[in-house]
Structures are given as structure tokens and as C-alpha cells.
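The following note sets out points on the nonpolar cores and on one helix and its packing. Please read it alongside the coordinates.

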Amino acid sequence: MVKARAHAIASVGVAEHGNSAVLVTVASGGQLLDRRSVDLTEGLPTHPHHHQGSWAVGRYLNSPWAVPEISLAEAVELVARVRSAAEQGARESLERLALAVGPPIASIALRVCPKLPATTEERIADNRAQAVADSVMYREALAKAAAARGWSLHWYEREHVFHDAAAALEGAELDAVLRAMGQSVGPPWQARHKLAAAAAIAALVERN
């Protein structure tokens, strides 16, 4: 049993990879309500900071997959297009999820974003930032869409979230709860699904 409010609410846990994300929705009683995978963009490059941005500033020029003729201005414009598409995809994905789930969704749990330079140009130029900027962009798109729906945001640390979820349970072991969830829906029930479920459980408690 999750230590959450008595009336039925739900929380969404997110485990993202590139422009795709696993969304696992859990009710305040600990029941699995929904599991789905979504793609936030379609037909666009998925890593414009890391790939096209890097090519624009001369990284990986000897790589067979590099496109050295792209300019920095073109890379920045591409990032803007991908971000806009991701924000639309996030809005549509969360709308479909909200319509499919019975209890009202109160919160969403996303992996915490590292601090990055303010502008796209700076993120591309910074060797560390360009490697994570695309993932951050997709998390931010989901956060923006969730906030617009009035959902509270919970930012989780991957290293701590399972501990936080375990602390949220009363009279049950987290491993057993996650295993039962997987058995209830069948495969796929992989590490990323368990991560998203644990994040959702932890978020249900944090908002109390």
C-alpha cells in the first residue's frame, strides 16, 4: 500500500530514452493503471544537439556518419524544430494518457535534469552539455505539457528512486510490488518499466 491520500489519484513515472519514453501510471493504492511507450517526435533527427550540433562545430569530422556541411545556424534552427515537435508530441501523449486512465492524474515523475548553459549555441559548444542536451530537451517537453495540465512535477534521481519508492510502501516489499505489476500486464516488463513505476510510487508520496 502506498502512503498516499485516501481518495483515488494517480501518478505517472517516466523513463525516457532519446525521443521515446516509457510512461507507467500508478494509482494511490499501488495498482498499475497503465503502461505505454510514446515517441515524442516523428520524422526528425532525434539528437540534434549531439549529432548535427557536433558536426556543425567540427566534432567527429572523421566519422563516416558525420555531415560536415551543416552550419551552426542550421543546427540551432533544427534544435528549435525538434523542440517544438517534442512539445506537441508530449501534449498529445499526455492527453491520450489522461483520457485512458480512470483516476485523475495528479503528478508526473521525471529524471532530474542537469544544469546546462542557457542557449542552444552554448549547449552545442560545450562538450559535456551537447551529450545530454537532447535528453534534457525531451524531459523538459514532458514537464511543460504536464504542468499545463496542472500536474505537479517530481524530479527523481535514478540512484535514489528505488529507495524512495520502497520507503513509500506500507506492508509490502518493492520488488514484490514491481513483480506483481509486471505479471499483471505481461511482457515487456523491463528495467525501464520498473524504473518508471518506482518513480511514480515515490511521486505519489512526495505530493502529500
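1. A nonpolar core is a set of buried Ala, Val, Leu, Ile, Met, Phe, Trp, Tyr and Cys residues joined through side-chain atoms within 4.5 Å; buried means under 20% relative accessible area (1.4 Å probe, protein chains only). This is a predicted model, in which local features need pLDDT of at least 70 and side-chain atom pairs count only at pLDDT 80 or more, while totals for chains, interfaces and linings use all residues. Residues are numbered from 1 along each chain as its sequence is written, and side-chain values use heavy atoms, with hydrogens and water left out.

2. The largest nonpolar core has 27 residues, of which Val24, Val26, Tyr156, Met181 and Ile201 touch the most other members. Two or more residues each come from β2 (20–27), β4 (105–111), α5 (161–167), α6 (174–185) and α7 (191–206) (helices, H or I, of at least four residues and strands, E, of at least two are DSSP runs, numbered from the N terminus). The most is given by α7, with nine residues. A second, separate core of 26 residues includes Val79, Val101, Met137 and Ala141.

3. In helix α1 (residues 49–56), the buried residues are His49, Gln52, Gly53, Ser54 and Trp55. These pack against α2 (72–100), α3 (120–125) and α4 (127–148), contact meaning heavy atoms within 4.5 Å. Gly58, with a positive phi near 95°, follows α1.

4. The packing angle of α1 and α4 is about 140°, and their axes lie 8 Å apart. Axes are lines fitted to C-alpha atoms, for helices over the stretch in contact, and angles run from 0 to 180 degrees between N-to-C directions. His49, His50 and Ser54 of α1 meet Gln130, Ala131, Ala133, Asp134 and Met137 of α4.

Notes
Buried < 20%, exposed > 50% of the residue type's maximum accessible area, 1.4 Å probe, protein only.
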